[in-house]
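Here are my notes on the model you sent over. Have it open while you read, and check each point against it.

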Amino acid sequence: MEIRVLAGGVQSTEDELVVINLFEGVEKPEGATGAVDQAMSGAIRELIADGDLTGKRGETAVLYPRGAIPASRVVVVGLGQQEEFTLESVRHAAALAARKARDLGAKSFSSIVHGAGAGGFEVAQAAQAVVEGTILGLYRYQELKNEPPDRADPEQFTLVQFDESKVPDVEKGAEVGQIIAEATCLARDLINRPANYATPSDLAELALEITGDFDSLRCQVLDEEDAAELGMGSFLGVAQGSEEPAAFIIMEHNAGQDDLDTVVLVGKGITFDSGGISLKPSEKMDRMRGDMGGAAAVLGTMLAVAQLELPLHVVGLMPATENLPSGHAYKPGDVITAMNGKTIEVINTDAEGRLILADALAYAARFEPEAVIDLATLTGACVVALGRGVAAGAFCTEEDLLARLQAASQSSGERIWHMPLYDEYKASLESMTADLSNTGGRFGGVGASAMFLKQFAEGYPWAHLDIAGMTFEERSSSPKVPAYLQKGGTGFGVRLLAQLLQDWSS
C-alpha cells in the first residue's frame with residue numbers, strides 16, 4: 001500500500017473516504033472533527049446528541065456528506081476516555097478505520113493523525129502509530145489461497161496534517177511506521193506458513209535474499225557440519241531426528257564497525273515441534289509451526305534495522321531446526337554437550353527450545369556484545385503464569401538492559417513483565433549424570449527454563465523473553481483484542497526490538 005502525507009484540512013481532502021476521531025464524552029467536537037462537523041452543518045453533533053455516537057473505544061460511525069465536503073464518506077472512530085489514551089489507542093483506532101475502509105470497498109482513504117492534537121503525543125510518534133495500526137490492521141495471510149478475498153485492500157493511504165510546518169515530522173513517523181509494520185507482517189507470514197513451506201532451509205534462503213538487498217547486511221549460514229566443528233552438540237542433538245537439514249543463521253548489520261555498540265538478538269527457530277520422542281498431544285499440534293516465532297521476530301527486526309539504517313552493530317542469530325521423533329532422534333536420558341562444554345541430560349525432548357538456544361547464547365559471546373536478548377516460544381508455564389495474549393515474560397541480568405526493554409515495551413505496545421531469576425531455580429536442574437538437566441520438574445517451570453539459559457549466557461548483559469503466549473493469536477475480535485491483531489501469527493517482538501534499537505542508537 002502506498003503511504004502519502006498531505007498538508008491541509010481533512011474537510012477539504014478529496015478522497016473516497018476520510019477518517020476523523022472522537023473522544024468519549026465529547027459533546028462538541030473541535031479540531032479536525034469539529035471542522036468536518038461544521039462543514040456538514042452539525043451532522044456529527046446531532047449523532048452525539050441522539051446517542052448514536054459516543055466516542056467509545058472500538059466504535060465507528062459512517063456519514064455521507066452528499067457534497068458538503070469533497071470526500072464521499074466520513075468515518076468517525078472512537079478513541080475512548082482521553083485520560084486512558086495511549087499510543088496503543090492510536091494503533092487500535094487506525095486499524096479499526098482501515099478495516100472499515102476496506103469493508104466499504106475504498107481503494108484509497110485519508111486520515112488525520114490520531115493523537116497528535118488533543119491526544120498529546122509528538123507528531124512523529126502519532127504518525128508512526130497510525131501507519132503501524134493501518135498496515136497491521138489490514139494484514140491477511142493469503143499466500144496459499146487460490147481465491148482472492150471478497151474485498152481488496154485499499155491501494156493508497158494518506159495522512160492529512162493541517163499544520164504544514166509539521167509535515168516533515170509526519171513523513172518521518174510514517175516512514176518508520178511503514179518499515180516496522182511491514183517487518184512485522186513478514187514475521188507474521190513466517191509464523192503462518194505451514195512447516196513444509198518454512199523449513200530451516202527456507203528461513204536461511206530468505207535471510208540470504210534479504211541480505212542481498214542491503215549493503216549494510218551480511219549473512220552466513222552454518223550447516224550441520226559447521227555446527228559440529230564448533231561443538232554445538234545441544235543444537236545438533238535436537239536436529240538429529242529430522243530429515244530436514246538444520247541451519248544456524250547469522251545476520252549482521254554494520255559488521256566490522258568497531259566504533260559501534262553491538263547488540264545480539266537470538267531467536268528460537270523450531271520450524272515444527274512435535275515434541276520429539278516426548279510426543280505432544282495431537283490437538284492443535286499444527287500450531288507448532290509457530291514455534292519459530294522468536295526467529296521470525298529476529299529476521300523481521302534485522303530487515304527493519306537495515307531499512308532504518310541504525311548506527312549500531314546488530315547481530316541476529318537464528319538456530320533453525322525441526323524437532324521430530326525418528327530412529328535417529330535424541331531420547332530422554334541422553335546426555336549432550338553444548339558449545340561451552342557443559343553437559344546436559346535430556347529429561348524431556350519437548351524441552352528442545354532451550355537446547356538450541358544454549359548453543360546460540362554461547363556463540364553470541366564471540367561478538368563481545370553490550371547486550372544479548374533472546375526471544376523464544378519457550379514454555380507453556382509462562383502462558384499459565386501471564387495468560388495468552390497478555391504479556392511476555394522478561395528475565396534479565398542487568399537493570400539497565402531491563403529498563404531499556406521496559407521503555408521500548410511502553411512505546412511499542414508489546415508488553416513484557418519482569419520475572420525473577422532466583423538461584424533456587426537452579427537446584428531443580430540438577431542431574432545425576434550431567435552438569436544439568438534440561439527440565440526442572442512440575443513447579444516453577446518458567447523460572448527453571450530461564451535459569452537453564454543463564455548457564456550459557458556468560459560474559460555479557462542478557463535478557464530472555466518468553467513469548468509463548470504472544471506469538472499466535474487465537475481470540476476472536478472484541479474490544480479487548482487490539483484491532484491490529486487477527487487470528488494467527490502476531491509477529492510479536494519486531495516492534496519491541498525495533499523500538500529498543502532505535503532508542504539505543506539515539
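The points below go from the whole chain down to single residues.

1. First, what you are looking at. This is a predicted model, where local features need pLDDT of at least 70 and side-chain atom pairs count only at pLDDT 80 or more, while totals for chains, interfaces and linings use all residues. Residues are numbered from 1 along each chain as its sequence is written, and side-chain values use heavy atoms, with hydrogens and water left out.

2. Overall build. The chain has 15 helices and 20 strands (DSSP runs numbered from the N terminus: H or I of at least four residues for helices, E of at least two for strands). Its radius of gyration is 24 Å, close to the 23 Å that the globule rule gives for 506 residues, so the chain is as compact as a globular protein of that length. That radius is taken over C-alpha atoms, and the rule is 2.2 Å times the number of residues to the power 0.38. Along the principal axes, the C-alpha trace spans about 80 × 50 × 45 Å.

3. How many of the 506 residues count as buried? The share is 58%, with buried meaning under 20% relative accessible area, exposed over 50%, and partly exposed in between (1.4 Å probe, protein chains only). Now take contacts, meaning heavy atoms within 4.5 Å: among those between residues at least 6 apart in sequence, 78% join residues at least 24 apart.

4. Asn254 sits in the loop between strand S8 (247-253) and strand S9 (262-267), and counts as buried at 12% relative accessibility. Lys284 belongs to the loop between strand S10 (269-273) and helix H9 (293-308); with a relative accessible area of 47%, Lys284 is partly exposed.

5. Cysteines. A disulfide is a covalent bond between the sulfur atoms of two cysteines.
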